[in-house]
Amino acid sequence: MAPMQLTVIGCSGSFPGPDSPASCYLLEAEGFRLVIDMGNGSLGVLQRHAELFGVDAVCLSHLHADHCMDLSSYWVARQYAPDGPRPPIPVYGPVATADRIAGLSGEKADSIRARFDVRNLSRTQEIGPFRVTTERMNHPVETFGFRVEHAGWTVAYSADTGPTDALVNLAQDADLLLSEASFQNNDNNPPDLHLTARQAGEHATRAGAAQLVLTHLVPWYDRDRSLAQAAETYCGPLSAATSGLVLGPGAGR
Ligand SMILES: [Zn+2]
């Protein structure tokens, strides 16, 4: 069985950076392509790694623009394809996903639903060959972290979150934790919004995650400093995401 491969499409936190779109990850296994989050700028870079109409399903962690904006662009592509509209694909997201994408697109929710089969995320769902489990994260809007399992390999993705035991549960014994690290050590960080890199390391250690990759890195912070702060609390393999980075047991195949 072909192993899972995860490609970081976008890892820039809160807004696109000079070297990366906002949040977007491509998971592939057994010929199935699942995209998690579609932040600003991601649809362009996604086409370097997948055919435009080769996406089989989408999951949105939450409805902040830097995680869902380009689903409105993808709606345009699927609606106005030169040989006719493309059939709907499943889009899993929070309540109000269709209305949110409609607002971003200047369309009605029914038009969005004609191209996207919008479904509410539940605790566990099978999406293609993947088992996707969710946990509610600590963020000001309804936000889901994801645990994706395939053929004995597990990746956990924090989405956006402040400190929470839910992330430890989500990442328990995972092969890889892809954790946001929006903040650096600073007494003035707002609460219940994002993690510092140090807190990302703490959560990874508590979960027993075998590898930690920092993501949602905000362009105004120095990446090496974030890595150094995460290394204060996490002793395992540690790196920072870049657009185009390939991870998972299928990496480099
Ligand atoms: Zn957010």
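**Exercise 1.** At the start of helix 7, which backbone nitrogen does a side-chain oxygen of Asp222 reach?

Solution. The model is predicted: local features need pLDDT of at least 70, side-chain atom pairs count only at pLDDT 80 or more, and totals for chains, interfaces and linings use all residues. Residues are numbered from 1 along each chain as its sequence is written, and side-chain values use heavy atoms, with hydrogens and water left out.

Step 1. Find helix 7 at residues 223-231; helices (H or I, at least four residues) and strands (E, at least two) are DSSP runs, numbered from the N terminus.
Step 2. Look for the oxygen: a side-chain oxygen of Asp222 comes to within 3.3 Å of the backbone nitrogen of Asp224.

**Exercise 2.** Find the buried residues of helix 7 and say what they pack against.

Solution. Step 1. Buried means under 20% relative accessible area, exposed over 50%, and partly exposed in between (1.4 Å probe, protein chains only). In helix 7, Ser226, Gln229 and Ala230 are the buried residues.
Step 1. Around the axis they cover an arc of only 100°, so they lie on the same side of helix 7. The arc is taken from the directions from the helix axis to the C-beta atoms.
Step 2. Their packing partners are helix 6 (197-207), strand 12 (212-215) and strand 13 (238-240), where contact means heavy atoms within 4.5 Å.

**Exercise 3.** Which residues coordinate the zinc ion?

Solution. Step 1. Donors are N, O and S atoms within 2.8 Å of the metal (3.2 Å for Na, K and Ca); water is not among the atoms, so sites may look incomplete. The zinc ion is coordinated by His62 (NE2), His64 (ND1), His139 (NE2) and Asp160 (OD), at 2.2 to 2.3 Å.
Step 1. His62 lies in the loop between strand 4 (57-59) and helix 2 (65-79), and Asp160 in the loop between strand 10 (153-157) and helix 5 (165-170), so the pair ties together parts 98 residues apart in sequence.
Step 2. His62 and Asp160 are both buried.

**Exercise 4.** How many disulfides does the structure hold?

Solution. Step 1. A disulfide is a pair of cysteine sulfur atoms within 2.5 Å; the structure holds zero.
Step 1. For Cys59, the nearest cysteine sulfur is that of Cys24, 12 Å away.
Step 2. Cys59 counts as buried because its relative accessibility is 0%, whereas Cys235, at 80%, counts as exposed.

Definitions and conventions
Polar contact = N/O pair within 3.5 Å; in protein donor to acceptor, adjacent residues only side chain to side chain.
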